[in-house]
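Colleague: I'm new to reading models like this one. Could you walk me through a few of the terms?

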Amino acid sequence: MAHQIMGQKELKEQVQDAGLCTGCGACINLCPYQVFYHDRTIVLNPCDIKAGRCYAFCPRTPVDLQALHAHFFQESDLTPEIGPVKAFFIVRAADAEQRKQAQHGGTVSALMSLALQEGMIDTAIVAENQERFLHAGVAVQQPMEIWERGKSKFIVSPTVAEFNRAARSDAERIGVVATPCQAFALAKMRLKPELSSGDNPIDKLKLVIGLFCGFTLSWAKLLDLLHKKTGLDAITGMDVPPGKDVLEIYTEEGVLVFPMEDVQACIREACRYCIDTTAEYADLSVGSARLSGNWEESRSWNQVIVRTDVGMALMALARNSGTLEFHDVPTGNLEMLKKAAWEKKRTALKNLVEKSGSADDLIYLDARDRLLADLKY
Amino acid sequence: MSKLLEVREGSCHLLMGNEAIARGALEAGINVAAAYPGTPSSEILENLAQVAKVRNLYVEWSTNEKVAMEVAAAASFAGLRSLCVMKQNGVNVASDFMLHLAGSGTRGGMVLVTCDDPGALSSVNEGESRHFARMIEVPLLEPGDFQEAKDMTRWAFELSEELRTLIMLRSVTRMSHASGNISMGKLQDQLRRAEFRYDGFILDPNEGPVLSAPVAYKHGLQQGKIEKARELFEQSPFNTYEGPEKPELLIITSSACTLYSREAIHLLNLGGRVGLLKLGTTWPLPPNLLKKYLTLTGTILIVEEVLPFLEENVKIIAAETAKEIGIKTFYGKNDGTIPMTGELSPDLVVSALSRILEIPYAAIDPAYEKKAQAAAFFKAPQRGLAFCPGCPHRASYWNIRNALTLDDRQGFVCGDIGCYTLDIFPGGANTLKTLHAMGSGTGVASGFGQLSPFGLDKPVMAVCGDSTFFHAAMPALVNAIHHRANITVVILDNSGTAMTGFQSHPGLCINAMGQEAPKVDIAKICAAMGAKVAVCDPFDLPETQKTLNRLMEDEVGVKVLILNQKCGLSPEKKAVKKYDVHVDENLCIGEDCGCNRLCTRIFRCPALLWDKEKEKARVDDVLCAGCGVCTGICPQAAIVKEVA
Ligand SMILES: Cc1cc2nc3c(=O)[nH]c(=O)nc-3n(C[C@H](O)[C@H](O)[C@H](O)COP(=O)(O)OP(=O)(O)OC[C@H]3O[C@@H](n4cnc5c(N)ncnc54)[C@H](O)[C@@H]3O)c2cc1C
Ligand code: SF4
Ligand code: SF4
């Protein structure tokens, strides 16, 4: 079923004011009205266009999931928990020096750099840590520039906003590192919805590397959590090591550890309604590896789900060029991942039902969708 | 050469009411004039400033009305003749000093000219200055035409010297800003020398110190002066009667309402039935004169603007003399015959008269009126109140609104009086949420800045103009700083008292008489007071907005942002285009998703027009001031500027 495209007013009511905005940036840089500030999407001025791109591209406006799947993936690849799977790997960047600049195994940075070097793309969009631990997407052309912007940012980066800008510049072939919501927004653009006006240069998008994602944090709430324990500019990174139930914040002076119980309160509301852990709408998706309980060993590896032919081709290039090191996939690894992703989906659906007050109303999702019907919530 | 310097006695000139007042002061041989600009009063001092050199005057734009009155009073204490000028609400500012001045008395002739603005044509209040005369106990004069405006002013100085008190002369917009033929009197050379005597006996009005104490004694003296004025006013040639010996109805009026009343009598052809008592000396009222005219008839209509000042005072006399004059029927404000607010007009007096005397009268043929209204509605272009093309305030408010929106905590702005008040109208950014007196934005913000312990979590901002900063915002700012109010004060410095016609102020390096003057630096003052100070050019949109957001997020103490950009109508900028600006039609996407007419729908500079046929924006070359600010907002970079 096709959903009606509406305008800024409805976007604000249904998404922003409803606490569903992910801060992906899909509605930003299309017009002067939607802008990004800190980690929030703001309506700077009112716009009365009836069917706007902001509404059409937003990952939190109503969507037909089946149509999306049919458009992008082979039915045979689909799994209900983690979307399409063509292949599954445990890998890391071969260069140990470069890995130091990365969150885990540096697979994302290595693959993006490779895509640039091989001419698969001419522009890569990655997230950059700017002042006060606020982030923005930036378009880069050199592998070195990708490595300089490694590591995970647990405050949103409006990465799709930078895609919107770059796609309307000289860039011809663009690759994007995207969280699940960002990949979802890009997928909605690729469906080429019928718009009353405005361009949609989505054909420039040649590669989407997805990041696994559990949640992002609200900047203001993170500030409260840190409570002057460290200056924002001193933060060098963060992670949620598996099994420890804590958030580790790395600073120049050492590691700050916060119990997940406290961190839960800082999670961006929109993330509570997110059904995607593994960036299902990417060409390939990357997360941290789980290797037999040893985190210090695991943390320098990634697990990769390949979803499309483009993803397969890139992985083949990486193997042949020796860009990535490959590790055996321990048995049960994929099942573990599926279980975790399943859990996030169910929680999100539960939260949506709670919010709408009806099991038939999943707000931006369609309760009749076959893919969701399988999940008991 | 200025008409005000005309030396031929009896020669006739067309003068504006304010020019007539200035001429009257010159004929009285004044030495010193001080004022704070405010419509409709400003031209009086401007005209005097122009002839200051030739006539050997000292003329200044003071920082506020109270200071203006103090400066003028000093001249009077030194035996000189002095004038101070202000608009109606300025009298409120000056009133504290005025109260004490009434007690201390004056020496050289001293006159306060106040120009009221019934209908608030260029004010944000409809204040009545006349009540101050009664409350503070000083005589009040109100000219009823332009000749009187001049003659009364001259006489006011003599009266002041005779009574040894300040004389208040009140004009209104239609008296100050309209023009009439005036027969010139003798220009008096002033040969006085300033000499301030203070070592005489404490109660000596000529040789002692100038004090309002001992209070009861001085107050008694002051009341004696009012008694003397009352007697003098019985004989004043400025109180006149025209009409039949036994009128059916007597109009009592003053000021511009004299003209409206006379015209109404003429329009209704009531010259034989209605009498017109025009009063020039309206406080204290001469009781015998009133008794005489009240005796003529049983029906009285009192015509005056805004509050029933004359009405109440006349009714007191009528009550006190009721035994002699009999019971009267009064029409005026209290019974609703004359409106209590707004300006009057001949039409309003006509309708009052026709109702009382039951004369059918239609000012305009109703069919014609309907047609005229329709034509005005459909054919005349809609012009709302808006900032001029090139106005720095449009850019400033664009930044303020964007910063408040980005900040996303529902912040608001406290404002006051200046061109920047226009923010409240549809053409503005609608960020102003309180609007009061000069400097009140900062004062009110200082108060809001204390309310966070009570739960107010919205960021508080204030705006104030450069002239307003000196006028009344400084004490408020000191207050806010000393009490650690968490506020951001934006000083919209457009280098002049722009709204009233670009008068100088202490922040400029020139004074009223065109001489070089030391510039008082606003940024340095604020920094010395202890505020965190930033300075931006409001035309630099990204930088200004960023700075504002940074200041708002800093939650400690008072932050001041000075936005420096000259008024588009300033002498330096007027008719000088910095840029030629036009729209590249190939780039403009108009109503498409991606713009939706940002320039003409939201930014709304009057020079940006929407071409409905072409569906493109256009710059009106005639209206465009060439500031180039709109080039920075177009998402398509379709608005192009070239250095002119
Ligand atoms: C908010 C967030 C939550 C995550 N949650 C999980 C999780 O629950 N489980 C899991 O297995 N993995 C999670 N990840 C992924 C994980 O942290 C690593 O990014 C991933 O393992 C890839 O590691 P790498 O060494 O290859 O990355 P790197 O080589 O360091 O590259 C990371 C890339 O991601 C980009 N990036 C960083 N932050 C963002 C962001 N917020 N938005 C868009 N792009 C960004 C960087 O610019 C860089 O290009 C999360 C990542 C993020 C950003
Ligand atoms: S989720 Fe993304 S597209 Fe939707 S409103 Fe938020 S920033 Fe815009
Ligand atoms: S802002 Fe630019 S694109 Fe939009 S209507 Fe104006 S000139 Fe055209």
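Modeller: Let's begin with a pair: B:Val32 has B:Ser82 as its bridge partner in strand 4 of chain B. The model is predicted, so local features need pLDDT of at least 70 and side-chain atom pairs count only at pLDDT 80 or more, while totals for chains, interfaces and linings use all residues. Residues are numbered from 1 along each chain as its sequence is written, chains are lettered from A and ligands numbered from 1 in the order in which they are written, and side-chain values use heavy atoms, leaving out hydrogens and water.

Colleague: What makes strand 2 and strand 4 of chain B a pair?

Modeller: Strands pair if DSSP finds at least two bridges between them. Strand 2 (residues 32-35) of chain B and strand 4 of chain B have four bridges, in the parallel sense, so they pair by that rule.

Colleague: Why is strand 4 of chain B called largely enclosed?

Modeller: Buried means under 20% relative accessible area, exposed over 50%, and partly exposed in between (1.4 Å probe, protein chains only). Six of the six residues of strand 4 (residues 82-87) of chain B are buried, so the rest of the structure largely encloses this strand. One side has B:Ser82, B:Cys84 and B:Met86, the other B:Leu83, B:Val85 and B:Lys87.

Colleague: What does strand 4 of chain B form with helix 5 and strand 5 of chain B?

Modeller: Together they make a right-handed β-α-β unit. Right-handed means that, with the strands pointing away from the viewer, the path from the first strand over the helix to the second runs clockwise. Six bridges join strand 4 to strand 5 (residues 110-116) of chain B, and the two run parallel.
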